Amino acid sequence: MATRSAIGYTLLTGEVRGIYCHWDGYVEHNGKILLESYTDAAKIAAMVELGDMSALAAEIADCIYYGRDRGETDVDAQNYNDVDEYVTHYADVCDYMYLWNGNEWLITNGDLKFNRVEDLLELEAA
């Protein structure tokens with residue numbers, strides 16, 4: 001069974017650009033990869049711009065995208081008016097929503113209460 005997640009980042013306008021990711025949305029997997037490998041705004045934008053994905057990896061070339069790798073359509077990244085709209089859109093579909101706020105990765109399970117990914121990983125390690 002998949003642990004689905006959304007991955008997005010805030011734009012200067014307050015909008016959020018986001019995608020769906022089917023596998024391993026747990027903070028111990030996707031959260032760790034995002035925290036360790038996606039802290040550069042250009043790399044985050046490039047990863048999201050390729051659209052919905054099956055699996056996240058540390059390098060964009062190793063991620064499995066529905067469009068790029070499987071030729072599927074209607075899997076483009078989407079813009080949401082704000083964080084609330086982003087979370088609401090994915091709340092019924094995803095177990096976790098990740099958000100790059102320009103400085104750090106945050107995570108929510110849909111209740112609009114965000115936690116820092118880094119803090120949750122530190123709790124797991126303790």
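I take contact to mean heavy atoms within 4.5 Å, and I take helices (H or I, at least four residues) and strands (E, at least two) as DSSP runs numbered from the N terminus.

I note that this is a predicted model, in which local features need pLDDT of at least 70, side-chain atom pairs count only at pLDDT 80 or more, and totals for chains, interfaces and linings use all residues. Residues are numbered from 1 along each chain as its sequence is written, and side-chain values use heavy atoms, with hydrogens and water left out.

I looked up the elements of the protein chain and found five helices and eight strands, which follow one another along the sequence as β-β-α-α-β-β-α-β-α-β-β-β-α.

I then looked up the overall form: the C-alpha atoms fill a box of roughly 40 × 30 × 30 Å along the principal axes.

Next came burial, where 40% of the 126 residues count as buried, meaning under 20% relative accessible area with a 1.4 Å probe and protein chains only. Of the contacts with a separation of 6 or more, 52% are between residues 24 or more positions apart.

Last, I turned to helix 1 (residues 27-37), in which Val-27, Asn-30, Gly-31, Ile-33, Leu-34 and Ser-37 are buried. The cover over these buried residues includes strand 1 (5-10), strand 2 (16-21), helix 2 (41-49), strand 6 (96-100), strand 7 (105-108) and helix 5 (117-125).

Notes. Buried < 20%, exposed > 50% of the residue type's maximum accessible area, 1.4 Å probe, protein only.
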